[in-house]
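Please keep the sequence and the model at hand while reading.

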Amino acid sequence: MDADAVEKMLQRSALGNRRAFAQLYDIMALPIYAVILTRTTNQAQAERLLLEVFLGLWERCPLYPQIRRSAVPWILAYAEQAAEYDELVPPASTSRYS
């Protein structure tokens, strides 16, 4: 993984460049998935979390230029925090009476 390339993709994504974000996904999906799997062994849950992490990254990438941290550790820390939070919060019930 080329950390400089990830940095540039994240910076371009912060400007709304969807193609750069797609490239970021291609490079970072597997490492993020691996981080998530350290918290859960449920494949369906890990796949859901992977999508949630990327949605969160898309929403947060405009904040990245203000952060004084390298892109790859920032992304992986975010994924780890999302997985930890998911483990702490029980899933919402589909019924009000369950």
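## A buried tyrosine

Y64 counts as buried, at 2% relative accessibility; buried means under 20% relative accessible area, exposed over 50%, and partly exposed in between, for a 1.4 Å probe and protein chains only. The residue belongs to the loop between α3 and α4 (71-88). Helices (H or I, at least four residues) and strands (E, at least two) are DSSP runs, numbered from the N terminus. The model is a predicted one, in which local features need pLDDT of at least 70 and side-chain atom pairs count only at pLDDT 80 or more, while totals for chains, interfaces and linings use all residues. Residues are numbered from 1 along each chain as its sequence is written, and side-chain values use heavy atoms, with hydrogens and water left out.

Which residues does Y64 contact, leaving aside its neighbours within four places in sequence? They are E7, L10, Q11, R69, S70, A71 and W74, where contact means heavy atoms within 4.5 Å. Y64 and L10 are 54 residues apart in sequence, and their C-alpha atoms are 7.6 Å apart in space. The side chain of Y64 also has a polar atom 2.8 Å from the backbone oxygen of R69, and this side chain reaches the backbone nitrogen of A71 at 3.1 Å. A polar contact is a pair of N or O atoms within 3.5 Å; within protein, one must be able to donate a hydrogen and the other to accept it, and residues adjacent in sequence count only if both atoms are side-chain atoms.

## The overall fold

The protein has four helices and zero strands, and its pattern along the sequence reads α-α-α-α. Of its 98 residues, 36% count as buried. Among contacts between residues at least 6 apart in sequence, 62% join residues at least 24 apart.

## Helices α1 and α2

Two packed helices are described by the angle between their axes and the distance between the axes. Helix α1 (residues 3-14) packs with α2 at an angle of about 145°, and the axes are 8 Å apart. Axes are lines fitted to C-alpha atoms, for helices over the stretch in contact, and angles run from 0 to 180 degrees between N-to-C directions. The crossing of α1 and α2 is left-handed; a crossing is left-handed if the near helix is turned anticlockwise from the far one by less than a right angle, and right-handed if clockwise. On the α1 side the contact is made by V6, M9, L10, R12 and S13, and on the α2 side by A20, F21, Q23, L24, I27 and M28. By class, these are eight nonpolar, two polar and one charged residues. Ala, Val, Leu, Ile, Met, Phe, Trp, Tyr, Cys and Pro count as nonpolar, Asp, Glu, Lys and Arg as charged, and the others, Gly among them, as polar.

Not counting residues up to four places away in sequence, S13 touches A20, F21, W58 and C61. Q23, in helix α2, is partly exposed at 30% relative accessibility. With the same exclusion of residues up to four places away, Q23 touches M9 and R12. The C-alpha atoms of Q23 and S13 are separated by 9.6 Å, with the two residues 10 apart along the chain.

## Helices α2 and α3

Helices α2 and α3 pack at an angle of about 140°, with their axes 10 Å apart. They are therefore oblique to each other; angles under 35 degrees count as roughly parallel, over 145 as roughly antiparallel, 65 to 115 as roughly perpendicular and the rest as oblique. The crossing of α2 and α3 is right-handed. Residues of α2 in this contact include R18, F21, I32 and L37, and those of α3 include Q43, E47, V53 and W58. The contact of α2 with α3 divides into 16 nonpolar, one polar and two charged residues.

I32, in helix α2, is buried, with a relative accessible area of 0%. Not counting residues up to four places away in sequence, I32 touches L50, V53, F54, L57, I75, L76 and A79. I32 and V53 are 21 residues apart in sequence and 8.4 Å apart in space, C-alpha to C-alpha.

## The loop between α2 and α3

T40 has its place in the loop between α2 (18-37) and α3 (43-60). T40 is buried, with a relative accessible area of 7%. The side chain of T40 reaches the backbone nitrogen of N42 at 3.2 Å.
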